[in-house]
Amino acid sequence: MTMLTQSLLYTDADGRARWRDEALPLVEAAPGVRLSALSASGGVQWRSSPVGFKSDFHCTTTPQWLVVIQGRMEIGLQDGSTRVFGPGEYFYSNDTLPAGATFDPALHGHRSRQVGDEPLVTLFVRS
């Protein structure tokens with residue numbers, strides 16, 4: 001495998017959160033092992049969300065990678081689309097509020113919720 005596909009949640013020019021999938025090149029580090037380029041990080045944070053957890057629409061305050069460790073997480077956008085991430089799946093959350101904008105829950109951001117009968121455990125890695 002020479003590429004991974006990563007999901008990116010971002011704020012489009014119209015101020016709405018959108019998804020974009022991008023290829024992440026993997027370079028050979030040793031025979032049989034491939035790694036991406038090293039990325040800087042600004043700290044990590046763990047979160048446990050109980051069964052039934054759900055948020056209102058909000059924007060990401062600090063761009064970060066989100067990795068699902070346990071359970072399932074649904075991310076919903078203003079257009080009604082959703083994506084569900086399970087254990088070992090991840091995405092980059094960068095749908096920040098546009099500069100100078102006042103948050104409008106009918107326009108900006110995303111919502112998240114725990115899905116299924118297992119608590120949600122996630123790892124946040126700030127970039």
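Predicted model: local features only at pLDDT ≥ 70, side-chain atom pairs only at ≥ 80, totals over all residues.
Residues are numbered from 1 along each chain as its sequence is written, and side-chain values use heavy atoms, with hydrogens and water left out.

Visitor: In what order do the strands of the open sheet of three strands stand?
Guide: Strands are DSSP runs (E, at least two residues), numbered from the N terminus. Two of them pair if DSSP finds at least two bridges between them. Here the pairing is antiparallel, and the order is E8-E7-E10.

Visitor: Why is one side of strand E8 and of strand E10 left without a neighbour in the sheet?
Guide: E8 (82-85) and E10 (110-115) each have a single partner strand, so one side of each lacks a neighbour: both stand at the edges.

Visitor: Which residue in E8 stands opposite Met73?
Guide: Strand E7 covers residues 72-77 and pairs with E8 over four bridges. Opposite Met73 stands Phe85.

Visitor: How much space lies in the largest pocket?
Guide: A pocket is an open set of points on a 1 Å grid over the protein atoms alone, where a 1.4 Å probe fits, with protein on both sides within 12 Å along at least five of seven lines. Its volume is the space filled by probe spheres set on the points, joined across faces, edges and corners. For the largest pocket that is about 390 Å³.

Visitor: Which residues lining the second largest pocket are closest to its centre?
Guide: This pocket has a volume of about 270 Å³. Lining residues have an atom within 4 Å of a point. Of the 18 here, the closest are Arg47, His58, Gln64, His110 and Phe124.
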